[in-house]
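Me: I would like to learn how to read a model of this kind feature by feature, starting with the overall layout and ending with single residues. Could you take me through it?

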Amino acid sequence: MTDIVSIKNLTVTFHEANENVYAVNGVDLTLHQGETLALVGESGSGKSVTTHALLGLLGKDAEVKADAMQYGETDLLHASRKTYTRLRGQELGLIFQDSLSGLNPTMRIGRQIGEGVKAHRHLHGAALKQAVNAAIQEVGLPDPALIARKYPHELSGGQRQRTMIAMAMIMQPKVLIADEPTTALDVTLQAQVLDLIKRQKAKRDLSVIFITHDLGVVANIADRVAIMYAGKIVETGTANEIFYNPQHPYTWGLLDAVPSSDDQRKELFTLPGTPPDLREPIKGDPFAPRNPYALAIDFKEMPPLFQVSPTHFVRSWLLDPRTPSYQPPVTIQKRWARFAELTKEPSLAVAVNQA
Ligand SMILES: Nc1ncnc2c1ncn2[C@@H]1O[C@H](COP(=O)(O)OP(=O)(O)O)[C@@H](O)[C@H]1O
Ligand SMILES: [Mg+2]
């Protein structure tokens, strides 16, 4: 399996007038060629900052450090501005989290979608118009010629989201980073946008980083999942491993917040407590104060990464062999039981992606 993106020990610190914000605290992340990796965590966990660091989009107030940051053969840590401009134009596509900040309010939709191909692929005139209309059509927007003449505020939220996908896809990127592309949408539109990304991916050799705070969306789209908390990846595994064999109490909390089909609860369980203040360096496991399973050592020392399988890694002291035995919540015990069944019947092991 080829890694198309590889990040090792990334830290991002924002230097503000009187304080620092430790937004990303040692992230290791790889994206395999052709896969969809979901990056999941609550708001403020560092998902956007991590990917913006990768794309060279952070401002001067951000101090970015890493042991390595690679796109294919390109060393992004030492990439020139010119290299980055080319990569962002032709190889690395981003769908911004917020369609209002991702789109220029004073420019017609058609021109915005066409700008990139005009600059990077030197399309002009009728060829450019044709490419733009095709891109608009591709994302399922009706009447491309009409849409092309509109301004962002004249479109609905769903249409703007599609416009952003069209803007990214027209460049035919190798890697697509979709930053919470469905968060502002209702359930029906969410499903349509997910489907759209899946179809784009099936059509050609695209690798995707799909960012979301909602594990519920992930089952539908991800091959692998990385769970992020307070600027660190705390658990990573295949979609099956994360859904049916989760090991980190934070992942348990996120999973319990997802309504399942055999679950009639109307009111969603939300994780108690709040994420830590990132203006202070964190001692121990940042999740400890919210963790009902926290051990004394959690408050003193950051847990190392424990390996569960060749594809499954967890940063929690619960995995340490010295930890006394414990029982996860009943909801999670049920998932573990299902995992035991799934691993007995390997033919069923992909079911999670079609749920
Ligand atoms: N330009 C900035 N200056 C200072 N702090 C920032 C800046 N951008 C992001 N942050 C902080 O970095 C942390 C991670 O932010 P972000 O990556 O946007 O979270 P997520 O995308 O997971 O919701 C947050 O605490 C956020 O307030
Ligand atoms: Mg974000």
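Me: Which domains does the domain assignment of the chain give?

Reply: Please keep in mind that this is a predicted model. The assignment gives two entries, domain 1, which covers 3-222, and domain 2, which is written as 255-277 + 286-353. Taken over C-alpha atoms, the centres of domain 1 and domain 2 are separated by 29 Å, and the contact takes 7 residues from domain 1 and 7 residues from domain 2.

Me: How should I read the area buried between domain 1 and domain 2, and which residues of domain 1 supply it?

Reply: Buried area is the accessible area that two parts lose on being put together, summed over both. Here the area buried between domain 1 and domain 2 is about 560 Å², with carbon and sulfur atoms giving 44% of it. On the side of domain 1, Glu42, Leu215 and Ala219 supply 59% of the area that this domain buries against domain 2, which is more than any other three residues.

Me: How many salt bridges are counted between domain 1 and domain 2, and how many does a search of the whole structure find?

Reply: For a salt bridge, a side-chain nitrogen of Lys or Arg has to lie within 4 Å of a carboxyl oxygen of Asp or Glu. The whole structure contains 10 salt bridges by this search, and the count between domain 1 and domain 2 is 1. Glu42 forms a salt bridge with Arg290, with the closest N and O atoms 3.0 Å apart. This pair links distant parts of the chain, since Glu42 is in the loop between strand E3 (36-40) and helix H1 (47-54), whereas Arg290, 248 residues apart from it, is in the loop between helix H11 (249-256) and strand E12 (306-309).

Me: What space lies in the second largest pocket, and which residues are closest to its centre?

Reply: The second largest pocket holds about 590 Å³ of space, and of the 24 residues that line it, Arg88, Leu94, Phe96, Met167 and Met171 are the closest to its centre. The lining divides into 14 nonpolar, 8 polar and 2 charged residues. Helix H2 (81-90), strand E7 (92-95), helix H4 (109-121) and helix H7 (157-169) each supply at least two residues of this lining, and H4 gives the largest share, 6 residues.

Me: Where is Gln172 found, and what is it in contact with?

Reply: Gln172 is in the loop between H7 and strand E8 (175-179). Leaving aside neighbours within four places in sequence, Gln172 is in contact with Gln90, Arg121 and Arg204. The C-alpha atoms of Gln172 and Leu206 are separated by 8.7 Å, with the two residues 34 residues apart along the chain.

Methods. Residues numbered from 1 in each chain as written. Chains lettered and ligands numbered in written order. Predicted model: local features only at pLDDT ≥ 70, side-chain atom pairs only at ≥ 80, totals over all residues. Heavy atoms only, no water. 1 Å grid on protein atoms, 1.4 Å probe; cavity = no way out; pocket = protein on both sides within 12 Å on 5 of 7 lines; lining within 4 Å. Points joined across faces, edges and corners; volume = space filled by probe spheres on them. Helix = DSSP H or I, 4+ residues; strand = E, 2+ residues; numbered from the N terminus. Nonpolar A, V, L, I, M, F, W, Y, C, P; charged D, E, K, R; others polar. Domains from an automatic or database assignment. Contact = heavy atoms within 4.5 Å. Buried area = accessible area lost by both parts, 1.4 Å probe.
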